[in-house]
Amino acid sequence: MGSAAPAQKSNIGLPRRRGSALRRWLGDNPLGLLLSAPYTAFVIVVFLIPFGFGIWMSVHDFYFTAPGVAVEHPFVGFENFAAVLGDPIVRQAFGNLLIFLVINVPLTVVLGLLLSSGLDAVVHWKGFFRISYYVPYVTASVATLAVWIFLFNGNGVVNSMLGSLAPDPSWLANPALIMPLIAVYVTWKNLGFYILLYLAALQNVPKELHEAAQLDGAGRWQRFRSVTLPAVRPVTSLVVLLSIITTGQIFTEPYLLTGGGPNNASMTPALLMYQQGIQQGKPDIAAAIGMILVVAVMIVSLVSRRITEGKNR
């Protein structure tokens, strides 16, 4: 009898260990893992595999060939990166991106917060204003850029209104104005999305906090600074992060407005990758530009996250 008890205990313990191991592998909710599997596969196929292939291309002498043609792609190390960093056009493209970032991100945060605060205070027609702000965001860039070309070309509406004050050369042909103009356009087009994010955060701020601050004698600006700003700080961090990612992806606007001109004043890394990889047949150089862009966006994103969320840690 004494020897049978340990054997029975051993037989019971084995399925439990298997069950616990299976639970650690699948989690407490296997159905959630099953439902997320298609999106995980999508991310792997559409993002991770191409990203890994881009890293491989950036350190090899790679070029496109006809289907079925096998050629060698020798390893070149950091030669592609050296060529990219030594190219003045690449440096100018990243400089243009910095100009865009400095204008777009602060403008998006300030306008998004101010307009959402005003919209939150509106009593009537709130739904109409939400839709009005959101329409440019869902409208195709080709259509909205056609309107901006009509407004800002040499004989456009803006120059007609400015008269003798119109810039010479005009907006789209002025190297000093084209990148700020693109930054303002992207801010205007995407602003509706960020307004909705801020509006959702503002509506979750307890009204009692504003009432308590008002009873303590706080004015409107003091209530905004001490109640509203801390409450929407997580959303501000998200808005800044999304704006930085949008900055790194900027392609359509300079491509359609100026093609990267005048004199590469609106050239961006994404547009340069297209020109190098597709038009000039240098995908290895384009991949090296892309890897540098990814690293730059990650560094700026991490720094911005520490700045915007530092007080919450």
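The questions and answers below go through one predicted model, from the whole chain to single residues.

This is a predicted model, in which local features need pLDDT of at least 70 and side-chain atom pairs count only at pLDDT 80 or more, while totals for chains, interfaces and linings use all residues. Residues are numbered from 1 along each chain as its sequence is written, and side-chain values use heavy atoms, with hydrogens and water left out.

Q: What is the mean pLDDT of the chain?
A: The pLDDT is the predictor's confidence in each residue, on a scale from 0 to 100. In this chain 87% of the residues reach 70 or more. For the chain, the mean pLDDT is 83.

Q: How many helices does the chain have?
A: Helices (DSSP runs of H or I, at least four residues) and strands (runs of E, at least two) are numbered from the N terminus. Read from that end, the elements run α-α-α-α-α-α-α-α-α-α-α-α-α-α. The chain has 0 strands, and its number of helices is 14.

Q: What percentage of the residues of the chain count as buried?
A: A residue is called buried under 20% relative accessible area, exposed over 50%, and partly exposed in between, using a 1.4 Å probe and protein chains only. The chain exposes about 19000 Å², and carbon and sulfur atoms supply 68% of that area. Of its 313 residues, the buried part is 35%.

Q: At which residue does helix 2 bend?
A: Helix 2 covers residues 30-58, and its 29 residues reach 39 Å from the first C-alpha to the last, close to the 42 Å expected at 1.5 Å a residue; the expected span is 1.5 Å times one less than the number of residues. A bend is the angle between axes fitted to the seven residues ending at a residue and the seven starting there. In helix 2 this angle is about 40°, with the proline Pro38 following within four residues, and the bend is at Ala37.

Q: Which residues of helix 2 are buried, and which helices are included in their cover?
A: The buried residues in helix 2 include Gly54, Met57 and Ser58. What covers the buried residues of helix 2 includes helix 3 (79-85) and helix 14 (283-309).

Q: Which residues does Ile182 touch, not counting residues up to four places away in sequence?
A: Ile182 is among the residues with the most contacts inside the largest core. Once residues up to four places away are set aside, Ile182 touches Phe100, Glu253, Pro254, Leu257 and Ser266.

Q: Where does Pro262 lie?
A: Pro262 is joined to Gly261 by a cis peptide bond, with omega about -5°. Asn263, which is not a glycine, has a positive phi of about 55°, and it too is found in the loop between helix 12 and helix 13. The place of Pro262 is the loop between helix 12 (252-257) and helix 13.

Q: Why does Asn263 count as exposed?
A: Asn263 counts as exposed because of its relative accessibility. Asn264, which also has a positive phi, near 65°, is partly exposed, with a relative accessible area of 25%. For Asn263 the relative accessibility is 66%.

Q: How far apart in space are Pro136 and Gly192, C-alpha to C-alpha?
A: Pro136 is found in helix 5 (residues 126-138) and counts as buried at 12% relative accessibility. Leaving aside neighbours within four places in sequence, Pro136 is in contact with Trp188 and Lys189. Although Pro136 and Gly192 are 56 residues apart in sequence, their distance in space is 7.3 Å.

Key. Areas by Shrake-Rupley, 256 points an atom, 1.4 Å probe, with all protein chains shown as cover. Contact = heavy atoms within 4.5 Å. Core = buried A, V, L, I, M, F, W, Y, C linked by side-chain atoms within 4.5 Å.
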